[in-house]
Amino acid sequence: MSDLGTLRVWDDPAIWAALMWYLDVAENRRPAKFRIAATLATELDPRESSEEVLWAELDRLTPIFLSRWGTIRAGAPLPRPAEGPSLLELCRELAYRMLAHCNFCPWDCRVDRVKGTKFGACKLASASRVSSHFHHTGEELFYRGTEGSGTIFFTSCNMRCAFCQNGDISTDKDNGEETDPRTLAAMAWTLRREGCHNINWVGGEVVIHLHAIVDAICLLGRHFEPTQVELVRALKTKADRFYSYDEDPGSAEYDGRFNAPMLWNSNFFMTLESMKILRILADVWLPDFKFGPGRCAMALAKTPWYWETVTRNLALLDEWGEDFSIRHLVMPNHVECCTYPVLEWIADHIPKAPVNVMAQFHPDNFCDPASVKYRDKYEEIARRPTHRELDASWRRARDLGLNFETASFDRRKDFGTPAILEI
Ligand code: SF4
């Protein structure tokens, strides 16, 4: 049994209320959503049906899934998995159909990534590459817990943030190792058996790898056991392979089968179609919310339609009753145009959401004056945020009544004391 639930972070009622499903799955008191999806049969043959028919079937099954999820949340037992194709296989087939005219994200490139003769903004064909995977101890306390977040880092991105704090991964699509869905599933399987509290799908950006991730989750929902060859292949990108972790299969099971919360850690620049598939599979979401409604997303990340896409997706999470927390990185000289509007939108639309107002921006990638990649046009963000900028951001979050202290300050020595409020 995981000790995640014993941490004092859950004493914050707002955190507990926002992440209660995630905690239940992390501690194997409930089955993950992919396990529930596997119990809902479809009468279609997903491979033989048109894409239009598949989407209609997803729309038909989603309310049934939500109703079953509701009863399981309330304590009902998990029914037996479907014998034939289920909602899980339907999601996998839809992701692969999308890949052939790619519309995973709002670039809507419509390239056939299966053929791989033309490329979209992410520059990827169908193959996915993993840069590294490991027990991540740098995430928020409710995700990293005591054993780490089981993080799988994918390469490439659909945005072009000049300041990217993971530029080596996001700008180099050939970084890491090409990884098939069975090897991805083997990574998740091992991380969870080693005690990780969740499987944290992240990049670069993850939605551009939707097909591979959905395929891996589908395998995990269906009696998956990796072969020795797959385990050795997975080990190639395991950044903490020289540490020894004891494997405990019992810590990775609900009702005798693999179980783990799926954490979708994303820039949230993705289409409604991707959201609809992930609604079935993601137990907890960790969206970034970086830019205000002005031109900053274009100027700093060459990304159009940013504000309308991310706010629509965040509003959906709330409307759908999903577990999620938000990250906002305070950028130098962008407190008025980005931080304030972002915090105000959250306060107006999703005021209960936990928010991590992050201080760790440092000049990186094209904004790092010490780098050969540096461009003068990014001079305004070529420094760390000042204390004044950070204090102003936290003060605004507090004045708006946001739930941000726990997520933002869980590493401070005085975490949990009244001093935390003396910003
Ligand atoms: S994932 Fe986005 S950027 Fe990449 S090909 Fe698909 S629509 Fe284009």
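The dialogue below takes up these topics in turn.

Tutor: Keep in mind that this is a predicted model.

Student: Which residues surround the ligand?

Tutor: The shell consists of Cys 102, Phe 104, Cys 105, Trp 107, Asp 108, Cys 109, Val 111, Arg 113, Gly 120, Ala 121, Cys 122 and Ile 208. By class, nine of the shell residues are nonpolar, one is polar and two are charged. The ligand takes up the space of the largest cavity.

Student: Is Ile 326 buried or exposed, and why?

Tutor: Buried means under 20% relative accessible area. Ile 326 has 0% relative accessibility, so it counts as buried. Ile 326 belongs to strand β9, which covers residues 326–329.

Student: What does Ile 326 touch, leaving out residues up to four places away in sequence?

Tutor: Its contacts are Pro 287, Phe 289, Leu 314, Ile 346, Ile 350, Ala 353, Pro 354, Val 355 and Asn 356.

Student: Which residues touch the most other members of the largest nonpolar core?

Tutor: In soluble globular proteins, nonpolar side chains tend to be buried together. Here the largest core has 121 residues, and Trp 201, Trp 264 and Phe 291 touch the most other members. Helix α9 (residues 210–220) supplies the largest share of this core, nine residues. Beyond four places in sequence, the contacts of Trp 264 include Trp 201, Leu 210, Ile 213, Met 270 and Trp 285. A second, separate core has 17 residues, among them Leu 4, Leu 7, Leu 23 and Tyr 143.

Technical notes:
Residues numbered from 1 in each chain as written. Predicted model: local features only at pLDDT ≥ 70, side-chain atom pairs only at ≥ 80, totals over all residues. Heavy atoms only, no water. Near = heavy atom within 4 Å. 1 Å grid on protein atoms, 1.4 Å probe; cavity = no way out; pocket = protein on both sides within 12 Å on 5 of 7 lines; lining within 4 Å. Sits in = over half its atoms within 2 Å of the grid points. Nonpolar A, V, L, I, M, F, W, Y, C, P; charged D, E, K, R; others polar. Helix = DSSP H or I, 4+ residues; strand = E, 2+ residues; numbered from the N terminus. Buried < 20%, exposed > 50% of the residue type's maximum accessible area, 1.4 Å probe, protein only. Contact = heavy atoms within 4.5 Å. Core = buried A, V, L, I, M, F, W, Y, C linked by side-chain atoms within 4.5 Å.
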